[in-house]
Amino acid sequence: MHIITNFTAHAGAETMLARLLHASVDQRILVVSLMGISERNLNISSNPSVEYVSLEAMKLRSLARALPKLARLIRHERPPVIVCWMYHAMIVGTIAALLAHRSTAVIWNIRQSLDDWTSLTRSSRAAVIAAKWLSWHPKGFIFNSARALEMHAAAGYRTHNAVVIPNGFELPQSVTPQPRSVKRIGIAARFHPQKDYPTFFKAAARLLQTHQGLTFVAAGRGLSWSNPAVPQMILSAGLAPENVQLLGEVDDMADFYRSIDILALSSRTEGFPNVLAEAMSYGLPVVTTDVGDAASIIGDGGLAVPSQNPEALAAALRTLLDSGTDRYAEYAAAARRRIEEEYDLGIIVRKYDCFLKQFKAAVEGKDHIAL
């Protein structure tokens with residue numbers, strides 16, 4: 001059983017779960033979403049062996065009512081392993097498992113580092129704190145970044161039986177990195193304080209002072225001219241509207257990656273930023289802030305800079321622009337090679353299977369956990 005906070009979201013955790021479900025064709029799986037389930041995520045998972053339950057718990061009051069429902073479901077289904085994705089699901093899933101009084105191994109899948117506490121919502125901060133006091137109960141932990149593991153341990157989480165399993169990706173075919181002149185710099189992230197769009201737009205304005213003719217392309221929920229906060233942010237950064245394309249939420253990310261020359265990420269906090277690896281799988285050099293495991297993900301496929309520093313972000317982008325077309329191709333080839341060697345989806349699925357099977361065997365009395 002997988003329990004996730006919101007399977008309607010188009011973010012990293014939901015996408016990784018959907019990819020994992022798609023690859024898990026040899027077992028029956030039940031996915032429980034506290035809030036809802038989207039067609040987009042169902043299409044990605046596309047697995048007849050997976051069943052879905054939505055608890056429709058949109059508010060705290062409905063979440064309290066959902067707890068006994070989930071406990072009854074666990075009692076009826078008797079899953080040997082429950083994987084809880086993200087803080088709210090970790091809390092609800094753990095309490096429901098305790099109420100169910102069944103022998104089951106609860107595993108927490110933590111997808112967030114704690115680089116910038118102030119960028120988290122009040123609800124997320126409360127959930128992080130509450131989860132710490134429940135962290136004695138899970139039988140094991142999956143972190144999608146080494147920095148997330150380190151930070152949660154430092155924050156007081158009891159991270160026993162912990163493993164780092166990064167996100168995995170289906171590699172697009174027919175990608176041949178080639179020399180090119182950079183004209184379009186993209187960013188893909190929802191409009192949220194964690195993603196720090198002010199830093200990106202300020203860096204873009206600084207870059208245009210030395211490199212004319214660039215276009216900055218922003219894709220993500222809330223990134224539209226109809227959102228008054230976005231054009232105000234762009235103008236405050238000193239950017240002219242004609243230098244920016246706002247795409248909003250994009251369904252065809254492959255088309256987005258093919259339309260840009262460099263991907264930038266300006267986040268204040270991350271765990272494992274999917275967008276970096278996805279862009280690199282298309283042979284794109286990247287520039288990112290050094291949050292979560294971003295710097296270790298990119299390897300030689302790009303540059304990492306301190307967060308909340310527009311000057312540093314602009315300087316790194318300028319380095320790529322000034323390095324020439326042949327050096328661009330070297331970055332691009334290194335980016336693609338990095339994803340092929342370290343983050344191919346098949347490799348990651350096998351890591352999940354290996355880790356979870358130990359707990360399943362222990363619950364079923366077939367073996368003992370040996371970590």
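Eleven salt bridges are found in a search of the whole structure, a salt bridge being a side-chain nitrogen of Lys or Arg within 4 Å of a carboxyl oxygen of Asp or Glu. The structure is a predicted model, in which local features need pLDDT of at least 70, side-chain atom pairs count only at pLDDT 80 or more, and totals for chains, interfaces and linings use all residues. Residues are numbered from 1 along each chain as its sequence is written, and side-chain values use heavy atoms, with hydrogens and water left out.

Three of these pairs are listed below.

| Salt bridge | N to O distance |
|---|---|
| E77 and R28 | 3.0 Å |
| R147 and D115 | 3.1 Å |
| D116 and R268 | 2.5 Å |

E77 lies in helix α3 (residues 60-77) and R28 in the loop between α1 and β2, so their pair ties together parts 49 residues apart in sequence. Helices (H or I, at least four residues) and strands (E, at least two) are DSSP runs, numbered from the N terminus. R28, E51 and E77 are also linked in a network of salt bridges.

D116 lies in the loop between β5 and α5 and R268 in the loop between β11 (262-265) and α10 (274-281), so this pair ties together parts 152 residues apart in sequence. Both D116 and R268 are buried, whereas R147 is partly exposed, at 23% relative accessibility. Buried means under 20% relative accessible area, exposed over 50%, and partly exposed in between (1.4 Å probe, protein chains only). D115 is likewise partly exposed, at 24%, and E77 has a relative accessible area of 25%, which makes E77 partly exposed.
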